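Here is a short briefing on one protein chain. Please view the structure first, then read the points by topic.

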Amino acid sequence: MLKTKPLQNMKPNIDIKDSYLKEVASILNTLLADEYLLYTKTRNAHWNIEGPHFIELHKFFESQYEEIDEIIDEVAERVRTLGHYSLGRLSDFLEVTHLSENTLKFSDSRHIIQNLLADHESIIGSIRKEIEAIEDKYKDAGTADFVTGILKQHEKMAWMLRAHVL
């Protein structure tokens, strides 16, 4: 599990054990890494997509990476709210992400969409596995609610991607 450092003189007093806050911050930093990798892959698809549906997909990928960008900021700020530092180096993201970098065939929009869809579904699965621990084991209902909202956003983005490959 990723090691997180508590902020100096910024320890929150929110009725959650320090050790629990550390564990939740670690879960969130892994989510942050997943989000950042997905953002990068979606932005890459936006820049490099080719084919007969270029304009439509170019705009579609832009809307998706903009939404992921907002999630990234919110996750990083939630880690800080819990009294820990957010990851910010690419090497750290690559060390803890559940996702993988892979080569996208930019002339094959179906391949790109399926790849991005798989990443959204991976994030959905990861969040779903962590929600119970965040709420029950670590006693952090606020973060459980927060990541549930992110789960819903990814479910909708995944639906939009699936609609493009039918």
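Helices here are DSSP runs of H or I with at least four residues, numbered from the N terminus. The model is predicted. On that basis, Thr-97 sits in the loop between α3 (90-96) and α4 (109-137). The protein chain has five helices and zero strands.

**Overall fold**

- Along the sequence, the pattern of the protein chain reads α-α-α-α-α.
- The C-alpha atoms occupy a box of roughly 55 × 25 × 20 Å along the principal axes.
- Buried residues make up 44% of the 166 residues in the protein chain.
- Among contacts with a separation of 6 or more, 78% join residues 24 or more positions apart.

**Nonpolar core**

- The largest nonpolar core holds 48 residues. Leu-28, Leu-31, Phe-61 and Ile-127 have the most contacts inside it.
- At least two residues of this core come from each of α1 (18-48), α2 (54-81), α3, α4 and α5 (141-165).
- α1 gives the largest share of this core, with 12 residues.
- Leaving aside residues up to four places away in sequence, Ile-127 touches Leu-31, Val-147, Ile-150 and Leu-151.

**Helix α5**

- The end C-alpha atoms of α5 are 36 Å apart. That agrees with the 36 Å that its 25 residues should span at 1.5 Å a residue.
- The buried residues of α5 include Thr-143, Ala-144, Val-147, Ile-150, Leu-151 and His-154. Met-157, Ala-158, Leu-161 and Val-165 are also among them.
- Which helices do the buried residues of α5 pack against? They pack against α1, α2 and α4.

- Is Thr-97 buried or exposed? Thr-97 counts as buried because its relative accessibility is 14%, and the cut-off is under 20%.
- The Thr-97 side chain makes a polar contact with the side chain of Asp-34 at 2.6 Å.
- The Thr-97 side chain also reaches the backbone nitrogen of Leu-99, at 3.0 Å.
- Not counting residues up to four places away in sequence, Thr-97 touches Ala-33, Asp-34 and Leu-37.

**Aromatic pairs**

- With ring centres within 6.5 Å as the rule, the count is five aromatic pairs.
- Tyr-20 and Tyr-138 form an edge-to-face pair, because their planes meet at 65° and edge-to-face means over 60 degrees. Their ring centres are 5.6 Å apart.
- Tyr-20 lies in helix α1 and Tyr-138 in the loop between α4 and α5, so this pair ties together parts that are 118 residues apart in sequence.
- Tyr-20 is partly exposed at 21% relative accessibility, whereas Tyr-138 is buried at 9%.
- Tyr-36 and Tyr-39 form a tilted pair, with 6.1 Å centre to centre and 45° between the planes.
- Tyr-36 and Tyr-39 are three residues apart in helix α1, so about one helical turn separates them.
- Tyr-36 is partly exposed, with a relative accessible area of 30%. Tyr-39 counts as buried at 14% relative accessibility.
- Which residues do ring pairs link into a cluster? Tyr-36, Tyr-39, Tyr-65 and Phe-93 are linked in this way.

How values were computed: Residues are numbered from 1 along each chain as its sequence is written. This is a predicted model: local features need pLDDT of at least 70, side-chain atom pairs count only at pLDDT 80 or more; totals for chains, interfaces and linings use all residues. Side-chain values use heavy atoms; hydrogens and water are left out. Buried means under 20% relative accessible area, exposed over 50%, partly exposed in between (1.4 Å probe, protein chains only). A polar contact is a pair of N or O atoms within 3.5 Å; within protein, one must be able to donate a hydrogen and the other to accept it, and residues adjacent in sequence count only if both atoms are side-chain atoms. Contact means heavy atoms within 4.5 Å. A nonpolar core is a set of buried Ala, Val, Leu, Ile, Met, Phe, Trp, Tyr and Cys residues joined through side-chain atoms within 4.5 Å. The expected span of a helix is 1.5 Å times one less than its number of residues. Rings of Phe, Tyr and Trp (its six-membered ring) pair if their centres lie within 6.5 Å; planes under 30 degrees apart count as stacked, over 60 as edge-to-face and the rest as tilted.
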